[in-house]
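I am opening a notebook on a structure that is new to me. I will write down what I looked up, one part at a time.

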Amino acid sequence: MYDIKQWEHIFKLDPAKTISDEDLESLCMSNTDAIIIGGTDNVTEDNVIQLMSRVRRYPLPLALEVSNVESVMPGFDFYFIPTVLNSNDVKFHNGILLEALKSFGHVIDFDEVVFEGYVVLNPKSKVAELTDASTDLSIEDIEAYAQMINDMYKLPVMYIEYSGTYGNKDYVKAAADMLTETQLFYGGGIDSLEAAREMAAYADTIIVGDVIYTDIKQALKTVKIKESHK
Ligand code: 1GP
């Protein structure tokens with residue numbers, strides 16, 4: 001069984017975007033710890049199943065980050081379930097989840113389910129717009145969210161999400177300093193090894209997305225954070 005706690009680096013693939021076999025192979029054969037399939041827009045049963053079967057040729061853990069109930073399917077090692085704590089819409093806290101549990105609660109293997117406490121911080125990102133997130137947060141807000149996630153909800157993962165833009169490392173550090181049990185994920189705008197190193201100094205796990213589609217070489221270089229840790 002895979003141990004998520006050990007993961008330092010993850011590539012996140014968007015099923016709505018196109019990737020060549022060659023690029024996919026180089027990502028899967030890099031030293032990354034896992035692949036997540038997930039996106040905000042146009043995630044369908046069709047494009048998820050296609051990408052899943054392509055990634056499954058390679059021997060690394062594969063997770064689905066669930067964005068809608070329609071595109072959930074068996075065959076993944078893990079199911080990452082976001083709850084967006086700074087969303088103003090209860091649907092993105094537990095509303096979608098309630099519907100999903102009513103339909104599928106009896107068949108879910110909860111050993112494969114990882115609940116992620118999201119804090120969305122880029123106001124221009126699709127995820128912030130979709131979830132109506134309050135992104136204008138102070139360091140004190142971040143610390144309180146970290147405490148909420150670590151000490152009260154006791155979620156396994158806190159995800160600081162700057163999707164599409166590089167974040168404020170002081171915020172990532174503030175969260176990291178509060179967490180004692182919860183694993184800290186950081187994602188957003190990592191487009192070089194330097195950026196990856198900077199965030200990996202605070203976050204337990206960094207997530208690299210967009211740059212895969214704009215500069216595959218730089219994307220691959222981000223995996224080198226793992227060498228410097230050992
Ligand atoms: C998106 O956190 C991930 O959900 C990664 O962000 O696409 O900006 O790399 P980027």
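**Entry 1**

I began with α6 (169–178), where Tyr171, Val172, Ala174 and Ala175 are buried, a word I use for under 20% relative accessible area, with exposed for over 50% and partly exposed in between, using a 1.4 Å probe and protein chains only. These residues cover an arc of only 160° around the axis, which puts them on the same side of α6; the arc is that of the directions from the helix axis to the C-beta atoms. The model is predicted, so I note that local features need pLDDT of at least 70 and side-chain atom pairs count only at pLDDT 80 or more, while totals for chains, interfaces and linings use all residues. Residues are numbered from 1 along each chain as its sequence is written, and side-chain values use heavy atoms, with hydrogens and water left out. Helices (H or I, at least four residues) and strands (E, at least two) are DSSP runs, numbered from the N terminus.

Which elements do the buried residues of α6 pack against? I found α5, β6, β7 and α7, taking contact to mean heavy atoms within 4.5 Å.

I then turned to α5 (residues 139–152), which has 14 residues and reaches 19 Å from its first C-alpha to its last, close to the 20 Å expected at 1.5 Å a residue; the expected span is 1.5 Å times one less than the number of residues. Its buried residues are Ile142, Tyr145, Ala146, Ile149 and Asn150. Seen down the axis of α5, they fall within an arc of 120°, so they line one face of the helix. An α-helix has 3.6 residues a turn, so residues three or four places apart point the same way. The face of α5 turned away from the buried side carries Glu140 and Met152, both exposed. On the buried side, the packing partners of α5 are β5 (113–120), β6 and α6.

**Entry 1: the barrel**

I next followed the strands and found a closed barrel of 8, running β1-β2-β3-β4-β5-β6-β7-β8 with parallel pairing, where two strands pair if DSSP finds at least two bridges between them. From one strand to the next the twist averages 30°, with axes taken as lines fitted to C-alpha atoms, for helices over the stretch in contact, and angles running from 0 to 180 degrees between N-to-C directions.

Two of the pairings I checked in detail. Strand β6 (residues 157–161) pairs with strand β7 (residues 183–187) in the parallel sense over 5 bridges, and valine 157 stands opposite glutamine 183 in β7. Strand β1 (residues 9–13) is joined to β2 by 4 bridges, again in parallel, and leucine 13 has isoleucine 37 of β2 as its bridge partner.

Are the faces of β7 covered or open? Both are covered, with Gln183, Phe185 and Gly187 buried on one side and Leu184 and Tyr186 buried on the other. In β2, Ala34 and Ile36 point one way, Ile35 and Ile37 point the other way, and all are buried.

**Entry 2: the cores**

A nonpolar core is here a set of buried Ala, Val, Leu, Ile, Met, Phe, Trp, Tyr and Cys residues joined through side-chain atoms within 4.5 Å. Of the 56 residues in the largest one, Leu13, Val55, Phe76, Met158, Ile160 and Ile206 touch the most other members. Helix α7 (residues 193–200) gives the largest share of this core, 5 residues. A second, separate core of 20 residues includes Trp7, Val84, Val120 and Val157.

I also looked up cysteine 28, which is placed in helix α1 (residues 21–28) and counts as buried at 5% relative accessibility. Leaving aside neighbours within four places in sequence, cysteine 28 is in contact with Ile35, Val55, Tyr58 and Leu60.

Most residues other than glycine have a negative phi, and most peptide bonds are trans. Where does asparagine 42 lie? I found asparagine 42 in the loop between β2 (34–37) and α2 (45–55), with a positive phi near 55° and a relative accessibility of 60%, which counts as exposed. Lysine 154, in the loop between α5 and β6, has a positive phi of about 55° although it is not a glycine. Lysine 154 is exposed too, with a relative accessible area of 61%.
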